[in-house]
Amino acid sequence: MVTDALCVIHGAMLRNLSNKLYEKRKNAVLEIEGIVKQLATAGEHEKISVVISLLINDFTYSPQATHRKGGLIGFAAVTVGLTSDAAQQACCCLGKCKDFGAPLAASALIF
């Protein structure tokens, strides 16, 4: 799964997404949002699902706080990039991801 996501999102963006500086995380998120917008207009929903799964499974479940913050802000950027397809895409992907704990499920569905 990580190799599939690296075809869409570069390693530098993933590194910045887990950076402790908010500005670097924000810049990575803006790039991810742009990529998701391009994928959504091209109809590449499978690649978007891979990106969502990566953010949820590898970032929001991380024991490191900066990874969790990057995962949640990244997931929010994906929903902004999807605009009208956000609810459908998120529900499809959330069913494929690991089991959510109650607090994480609530925060993920808010976005």
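**First stop: a salt bridge**

Select Glu44 and Lys47: their side chains meet in a salt bridge, 3.8 Å from N to O. The term salt bridge is used for a side-chain nitrogen of Lys or Arg within 4 Å of a carboxyl oxygen of Asp or Glu. Glu44 is partly exposed, with a relative accessible area of 33%, and Lys47 is partly exposed too, at 37%. Here, buried means under 20% relative accessible area, exposed means over 50%, and partly exposed is in between (1.4 Å probe, protein chains only).

Before you move on, note that this is a predicted model, where local features need pLDDT of at least 70 and side-chain atom pairs count only at pLDDT 80 or more, while totals for chains, interfaces and linings use all residues. Residues are numbered from 1 along each chain as its sequence is written, and side-chain values use heavy atoms, with hydrogens and water left out.

**Zoom out**

Now show the whole thing as a cartoon. You'll find 7 helices and 0 strands; both are DSSP runs numbered from the N terminus, with helices (H or I) of at least four residues and strands (E) of at least two. Of the 111 residues, 45% count as buried.

**Along helix H3**

Select residues 22–42. This is helix H3, with 21 residues, and its first and last C-alpha are 30 Å apart, close to the 30 Å expected at 1.5 Å a residue (that is, 1.5 Å times one less than the number of residues). Just after H3, Gly43 takes a positive phi of about 80°.

Pick Lys26 and Glu23 in H3. Their side chains form a salt bridge at 3.4 Å, N to O, and the two lie 3 residues apart, about one turn of the helix. Lys26 is partly exposed at 29%, and Glu23 is partly exposed at 45%.

Next, pick Lys37 and Glu33, whose side chains meet in a salt bridge at 3.3 Å, N to O. Being 4 residues apart in H3, they are separated by about one helical turn. An α-helix has 3.6 residues a turn, so residues three or four places apart point the same way.

**Across to helix H5**

What does Gly81 touch, leaving aside its neighbours within four places in sequence? The list is Glu33, Val36, Lys37 and Ala40, with contact meaning heavy atoms within 4.5 Å. Gly81 counts as buried, at 6%.

Thr79 is also in H5, and is buried at 12%. Look for a polar atom of the Thr79 side chain 2.6 Å from the backbone oxygen of Ala76.

**Last stop: the core**

Select Ile9, Leu17, Ile32, Ile48 and Val78. They have the most contacts inside the largest nonpolar core, a set of 23 residues. Such a core is made of buried Ala, Val, Leu, Ile, Met, Phe, Trp, Tyr and Cys residues joined through side-chain atoms within 4.5 Å. Helix H2 (11–17), H3, helix H4 (45–60) and H5 each supply at least two of its residues.

Note on methods:
Polar contact = N/O pair within 3.5 Å; in protein donor to acceptor, adjacent residues only side chain to side chain.
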